[in-house]
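Please open the structure in your viewer and keep the selection tool at hand. The stops below say what to select next and what is found there.

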Amino acid sequence: MLGNSMAIWITSIDRWFVKILYSVAEFAYYSFAVSMLRLINVVVTAFSVTLYNFFCKKPEDEDISILRKIVLVIGAAIIAIIFPVEFIIRTYLEKYIYAIPVIKALFMAQFVLIEINAVYLNLYKALNLQKKYLKRMIIITITAFFLNGMIGYIWNNIIAYAVATFLTAFIWLVLCQIDLPKYKMTHTEWLYLLMIIPVYFLSNYCNMWIGMFIYVGWVIAGTFLFFPKEVKQLLVMLIKGRS
């Protein structure tokens, strides 16, 4: 329970920095950006609960490996909603346009956090690694506090704290690989993740709809390119399910 509380605190440190150091208006922009994450969190929470029950049944390593890849692809796909979200804000919520860069950075942080929350945190719990989990949460909390303080001081802009959240999530994912080497991501998975990040940010510099086309196209092409075996298995399952 303490570990779970710290996990929530880790992703809330950025808001406390913004609340304390910036104006009410800037905090309102940042809070609005955070509220947009609920669009993702509703899906992720339901998915995470389901996976926890699955992991408690002690599945085969191969099954966990496949699920890890599926979560990675789902994470890449789900953050594509940034494009319609941006359209809605620019069209109907113009006073929150200033929050768009923050939302984009926080969505990328969520891409990494989906893998952590749905897979690795559930594995800590299912494998009864509570002590290791708590120690890791303490280290990540300190890291998050340090990164928010340092990047916020250097950049002095509310988007700095969204970037700090993303970097914290990335470091957190790396540390999960150290704690759970049996279930660490493969080189292919890391390459997929590291290719998604620049494509996401570059596509967000383009025209909104062109950027969406580029990003979604890359997610589809990248998924077939990096995980052809898993895509084939999924298609076979879908075909059998319909027949």
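Select helix H9, residues 159–179; helices here are DSSP runs of H or I of at least four residues, numbered from the N terminus. Of its 21 residues, 15 are buried, so H9 is largely enclosed by the rest of the structure. Buried means under 20% relative accessible area, exposed means over 50%, and partly exposed lies in between, with a 1.4 Å probe and protein chains only.

The model is predicted: local features need pLDDT of at least 70 and side-chain atom pairs count only at pLDDT 80 or more, while totals for chains, interfaces and linings use all residues. Residues are numbered from 1 along each chain as its sequence is written, and side-chain values use heavy atoms, with hydrogens and water left out.

Next, select Ile10, Thr11, Asp14, Leu113, Ala144, Asn148, Thr165, Thr168, Ala169 and Trp172, which line the largest cavity. A cavity is a set of points, on a 1 Å grid over the protein atoms alone, where a 1.4 Å probe fits but cannot get out; lining residues have an atom within 4 Å of a point. The volume of the largest cavity is about 50 Å³, taken as the space filled by probe spheres set on the points, which are joined across faces, edges and corners. Which helix gives the most to this lining? H9 does, with four residues.

Now turn to the aromatic rings. The structure holds 17 aromatic pairs. Select phenylalanine 170 and tryptophan 190: this pair is edge-to-face, at 5.8 Å centre to centre and 65 degrees between the planes. Rings of Phe, Tyr and Trp (its six-membered ring) pair if their centres lie within 6.5 Å; planes under 30 degrees apart are stacked, over 60 edge-to-face, and the rest tilted. Phenylalanine 170 lies in H9 and tryptophan 190 in helix H10 (residues 187–203), so the pair links distant parts of the chain, 20 residues apart. Phenylalanine 170 is partly exposed at 23%, whereas tryptophan 190 is buried at 18%.

Finally, select cysteine 206, in the loop between H10 and helix H11 (208–226). Cysteine 206 is partly exposed, with a relative accessible area of 34%. Leaving aside neighbours within four places in sequence, cysteine 206 is in contact with Gly211 and Ile214, where contact means heavy atoms within 4.5 Å.

How values were computed: Helix = DSSP H or I, 4+ residues; strand = E, 2+ residues; numbered from the N terminus. 1 Å grid on protein atoms, 1.4 Å probe; cavity = no way out; pocket = protein on both sides within 12 Å on 5 of 7 lines; lining within 4 Å.
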